Amino acid sequence: MGIEKLHLEDALEDSPQTRSLLSVFEKDAMTLKKYTTGLHNCCQRIMKAQNELCAATQSLSQHLRDFEIQKFPLESDDSVLSSTLKQFSSYLDDVSSIQQVLSAQFSETMMYPLSRFLQADLEEVTTLYEMFQMASNEHDNAMNRYMRLPKKRESERQRSEHNEELYLMRKKFHQTSLHYYSSLNALQYKRKCSLLEPVMGYLHAQRAFFQMGQDAVGKKEIEDFLNNISTSVQGVQQEMKAETKKTVELIDSLEQQSAHLYHAEPMVDMPYIPPNTTLTQKAGYLYVRSKQLIATKWERSFFFTVGGNLMSQTRGELAGSLVLDLNEPGVLAEPHESDDRRFVFQVLSPKSKRNIVLQAENEREKDEWICTLNNIVRESGYVKGKQGSQAKPKERTPSANSLSKQGSGSVSPDQGSLGSMSSTGGQALPRTPAPTPSSSFVAEAPIQFDLLSPTSPNGGVTSSLPGPPNPNPRINPFDQSSNEVLDTLDSAIDSATFVESFVVRFLGSMEVTTDRGEKLVHETMRQIMAARAIHNVFKMTESRLVVSSECMRLIDPATNTLRTQFALADISFWAAHPENTRLFGFITRTKAPEATHSSFSCHVFECNISAEEICQAIGTATKLAFQALMQRKLPPGVGKEKKAMEKIHQVKTREKHLLLQNIQQLEDAPEGEEEEEGGSLHNLPLSPDGKYLVLTAADESEDAFQSGDLAQPMENLTVEPLKQTISDSFDTEDVEPESEA
């Protein structure tokens, strides 16, 4: 198993993440020192009191067992060191029954390595910890004095002094950090040697000087075990020597490479490094101005950009907090003059009416920050559209017997065609099993918390993933009112056979790796809700979700303008939350024109009604779309032949009812009435043998066949014996038309 190490390359930057990782190593060192002190006390008891040898050995054995329950942040539960110490403890239980020991051997083989580790290595870590804290404080004070320098030329000498002071303090802090980090890294190797050597020496002393313990510790099993441990310790020592050599070389290299970074403002004799104006992401320390009553305060904080947002994080925070949403329209970063400070710039947001004033270390950092923020704003892709209004789409409700209800967790067919959808209205198709949520998310995929992305050409929501600027500008959804778009929407909704409208609030969306899976949708909901809670995101965009048999649309209820649109063929899965009945989500597929594969995004919404109703509406719309697509895909001749068969079936049904009525009258007529009518039964058109009825249906069949679907009308139909075969002959549907129209 690899040994955890601190990255020496991050020592100079001293980011909050590095400090947080450093605190874990410091806690591990303090815990190790506490544990090693206890181990040393146990061994000292054996040295001082031979009479207490059994009790002291048993205490040592128990202490070795306690290693696996210690909360070492950098030690895993199933580590080799833990299992090795546990094996040692089992042998010490046998040794404790002998109660004999040799003090001289204990002093050389057991106490010396442990004392050296405790007094030399662990004390060195403690001393370096104090030096690191002093260097960090001195560097912060020097940085504060340097950043408070005015712009006046009269203070050129003072400026040079403070700059030189900052150079010395930063160099001192960097060197101290490198040695401190390397000492903590080396401690992870020394831990494996220093904790094993005393116990191994103790067992060697027992085997050498106690013949009575031959049966207890002289076994071949113990000898092999000790040989393996000795080989392992030697291997760790060699590895530590090689790592120490690499560490020394790396420290020298980092000091040489970081020499130009010690000065906050580059010296005159240093080469000029122009700012990078094409960055779309940046991170680093800045001073931010805050107002307190009548005075202003400047505080140092770590700023970074992620997902179109400007974030800040102090050293004591575990996660960053939102400073400004760079996707808001009108955001601008520009130089600024404030409090007679240098390298100051501001970020303006007209929508939220905020003015954030920041200060960088030098002119190059200031220019890079301004360009980076403006690049992020420019890549958000907002373009002002034409003014206009959009008519409210008509809402229709489906008939009671039109469709069956669909449950949550349904899926739609593959994108680009509804032909693969099942005829049950969008139920899940036989596909590969849904992946587990842990493997279904794109690494470092950002979460979009607002509907700021406009409608993409294929009808999906554009994600906030980083990338080059879009050559085709998109329309701002808050200013989209083109008459052509409105006419298209109205005509599409007017031609739809199913329309339902719901009020929803957008919670967030993120990219996923697959296009379906109820567990995937539920896990995405959990991820988004947790991210909103961590970053204190309370804003939700309310929209009107219009579900129709043509597509799904999100409409701004205030301006009645289209925000985004999803084609039904691009909606691959939808599901409601199993516990919170007001949450639902659906997965969409997006394929760029030049991309070789599709990407998938899961969008999560909150509604005022039961989310099952919205899922049922989506299932109904997809079922109708599937049926319409199947009708359009039928061949031309199949449709005409189907109509002819339906007309034949209608004619046969009418004739069946007519014959059954006549037969019923014949059966129910009294005998006297038949005689009074003068033998009306004999007037019916019967066959020569009197067993069959010859029915003439020209009056009713002529109308059905005059439309031209069949060439000849059905003039005479002769049926089988009256009561036995009339129903069977008219129920059959395998009747072919005599000729095509």
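Strand S15 (residues 599–607) is mostly covered, with 8 of its 9 residues buried; buried here means under 20% relative accessible area, exposed over 50%, and partly exposed in between (1.4 Å probe, protein chains only). The model is predicted, local features need pLDDT of at least 70, side-chain atom pairs count only at pLDDT 80 or more, and totals for chains, interfaces and linings use all residues. Residues are numbered from 1 along each chain as its sequence is written, and side-chain values use heavy atoms, with hydrogens and water left out.

Strand S15 pairs with strand S9 (residues 499–512) in the antiparallel sense through 8 bridges, where pairing requires at least two bridges found by DSSP between two strands. Across this pairing, Ser 509 stands opposite His 603 in S15. Strand S14 (residues 583–590) also runs antiparallel to S15, over 8 bridges, and Leu 583 stands opposite Glu 606 in S15.

The protein chain has 16 helices and 17 strands. These elements are DSSP runs numbered from the N terminus, helices being H or I of at least four residues and strands E of at least two. Of the 741 residues in the protein chain, 44% are buried. Among contacts (heavy atoms within 4.5 Å) between residues at least 6 apart in sequence, 71% join residues at least 24 apart.

The largest nonpolar core comprises 63 residues, and those with the most contacts inside it are Ile 46, Leu 64, Phe 88, Tyr 180, Leu 184 and Tyr 202. A nonpolar core is a set of buried Ala, Val, Leu, Ile, Met, Phe, Trp, Tyr and Cys residues joined through side-chain atoms within 4.5 Å. Helices that each supply at least two residues of this core include H1 (16–48), H4 (103–147) and H8 (220–257); H4 gives the most, with 11 residues. Leaving aside residues up to four places away in sequence, Leu 64 touches Tyr 35, Leu 39, Leu 85, Phe 88, Ser 89, Leu 92 and Val 199. Another core, of 31 residues, lies apart from the largest one and has Ala 142, Met 143, Ile 370 and Leu 373 among its members.

The second largest pocket is lined by 39 residues, of which Arg 170, Leu 261, Glu 361, Asn 362 and Glu 365 lie nearest its centre. A pocket is an open set of points on a 1 Å grid over the protein atoms alone, where a 1.4 Å probe fits, with protein on both sides within 12 Å along at least five of seven lines; lining residues have an atom within 4 Å of a point. H5, strand S1 (283–292) and helix H9 (363–379) give two or more residues to the lining of this pocket.
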